[in-house]
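Here are my notes on this one, in the order I would go through them with the viewer open. Have a look at the model, then read on.

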Amino acid sequence: MKVLGIESSAHTLGVGVWDGRKIAANEKAFYKPKKGGIHPRKAADFLAENAGSVLKAALRKSGRKLGEFDAFAFTVGPGLGPCLQIGSTMARSLALRFKKPLIPVNHCIAHVEITRHLTGMREPVIAYVSGGNTQIIVREGKRYRVLGETLDMGLGNVFDVFGRELGLEWAHGSVVEQLARKGKYFGLPYTVKGMDFALTGLLTAATKALRTQRREDVCFSLQETAFAMLTEATERAVALTKKSEVVACGGVAQNRRLQGMLRTMCMERGARFAVAPDEFNADNGGMVAYAGSLFAKQRFAAGDLKVRQRYRIDEVALP
Ligand code: FE2
């Protein structure tokens with residue numbers, strides 16, 4: 001089955017092609033705000049302006065024509081409403097024009113499923129870490145179950161806000177990661193409650209510490225504290241479920257220090273750890289195309305096709 005997938009939940013307009021065996025194209029355009037965070041309306045305008053060229057690039061790369069696809073998949077949520085609408089409208093018009101099914105894909109499911117596919121992990125504990133979502137997830141029958149999650153902010157969002165306090169313009173998490181390599185540790189608030197964790201107190205303390213500490217030391221200590229919290233919660237999930245596989249996915253999963261901490265924890269527990277290539281942890285259309293293929297036989301009611309800004313992974317009925 002050949003599926004064209006469109007991702008537009010936040011700052012990325014991604015178009016990917018699943019050709020039945022592999023991701024044959026995974027093209028994207030990013031919205032980079034000049035100042036501050038993402039303004040949903042401005043981001044949506046950018047996504048709409050770039051949709052045509054990204055679609056063309058994906059078709060060129062895959063060597064496919066629009067008429068060859070068996071279905072069109074799109075990110076239905078969670079995400080920013082105006083941004084989600086762009087991908088939804090694009091997919092809907094393609095499905096109507098070529099008289100092919102339209103498949104709504106939960107963004108979190110897309111991250112998880114592409115990671116399982118690319119890493120070969122069958123039943124892992126999943127540390128899903130992105131801007132808006134930070135959750136510890138396992139599959140239970142026909143549902144994903146969230147065992148633990150952030151009680152306030154997503155981890156990526158913490159790095160974005162902190163990065164702006166540092167005066168960084170873009171790619172906050174990766175710049176914090178670079179600065180942290182030259183830093184030393186000092187104590188910051190550490191809040192794990194069972195398998196849940198809270199991050200805003202840590203963010204506030206790290207931001208205040210910028211007045212008195214070296215920025216490299218604050219970056220290092222922020223990363224160490226946040227990632228140790230996430231690793232502790234993940235370890236607890238591994239102990240509880242007795243699973244032997246762990247994966248990380250989502251934008252923050254690209255961080256090598258986080259990967260290292262999770263890998264060490266897994267080695268100590270005799271579990272395997274894996275992470276997909278960076279391209280598939282950043283938001284992308286390929287993961288939506290692949291996840292769409294898994295849901296292709298499912299029947300969707302009109303209400304299932306409406307974008308949902310808050311759409312949790314544990315609400316999705318799996319095929
Ligand atoms: Fe994402």
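Contact, in what follows, means heavy atoms within 4.5 Å. One thing to keep in mind throughout is that this is a predicted model.

1. Start with the two domains. Between them about 1600 Å² is buried, and carbon and sulfur atoms give 53% of that. On the domain 1 side, Phe280, Asn281 and Ile313 supply 39% of the area buried against domain 2, more than any other three residues.

2. Next, the iron ion. Which protein atoms are its donors? They are NE2 of His107, NE2 of His111 and OD of Asp283, at 2.1 to 2.2 Å from the ion. Along the sequence the donor residues follow the spacing H-x3-H-x171-D. His107 belongs to helix α3 (residues 107–119) while Asp283 sits in the loop between α9 (278–281) and α10 (285–294), so this pair ties together parts that are 176 residues apart in sequence.

3. Like His107, it is in helix α3. Setting aside neighbours within four places in sequence, His111 is in contact with Tyr128, Cys249, Gly250, Phe280, Asn281, Ala282, Asp283 and Met287. Two of the names in that list, Phe280 and Asn281, also came up in point 1 among the residues that supply 39% of the area domain 1 buries against domain 2.

4. On to the aromatics. The count of aromatic pairs comes to five. Take Trp18 and Tyr290: their ring centres are 4.8 Å apart and the planes stand at 70°, so the pair is edge-to-face, the label for angles over 60 degrees. This pair links distant parts of the chain, with Trp18 in strand β2 (residues 12–18) and Tyr290 in helix α10, 272 residues apart. Both residues are buried.

5. Compare that with Phe69 and Phe72. Their ring centres lie 6.0 Å apart with the planes at 55°, so this pair is called tilted. Phe69 is buried at 0% relative accessible area, and the value for Phe72 is also 0%. Together with Phe98 they form one aromatic cluster.

6. Two arginines sit over tyrosine rings. Arg308 lies over the face of Tyr311, at 4.0 Å from the ring centre. The charged end of Arg139 is placed over the ring of Tyr144, 5.9 Å from its centre.

7. Most residues other than glycine have a negative phi, and most peptide bonds are trans. Gly77 and Pro78 are joined by a cis peptide bond, with omega at about -5°; Pro78 is in the loop between β4 (71–77) and α2 (81–98). Lys99 is not a glycine, yet has a positive phi of about 50°. You'll find Lys99 in the loop between α2 and β5 (102–106), exposed at 73% relative accessibility. Lys242 has a positive phi as well, about 60°. That lysine, Lys242, is in the loop between α7 (215–241) and β11 (245–249) and is exposed at 72%.

8. Last, a surface lysine. Where is Lys182? Look in the loop between α5 (172–180) and β9 (192–193). Lys182 is exposed, with a relative accessible area of 61%. Leaving out neighbours within four places in sequence, Lys182 is in contact with Arg214, Glu216 and Asp217. The C-alpha atoms of Lys182 and Leu155, 27 residues apart along the chain, are 21 Å from each other.

How values were computed
Residues numbered from 1 in each chain as written. Predicted model: local features only at pLDDT ≥ 70, side-chain atom pairs only at ≥ 80, totals over all residues. Heavy atoms only, no water. Donors = N, O, S within 2.8 Å, 3.2 Å for Na, K, Ca; no water. Helix = DSSP H or I, 4+ residues; strand = E, 2+ residues; numbered from the N terminus. Phe/Tyr/Trp six-rings, centres within 6.5 Å; stacked < 30°, edge-to-face > 60°. Buried < 20%, exposed > 50% of the residue type's maximum accessible area, 1.4 Å probe, protein only. Lys NZ or Arg CZ within 6 Å of the ring centre and 35° of its normal. Buried area = accessible area lost by both parts, 1.4 Å probe.
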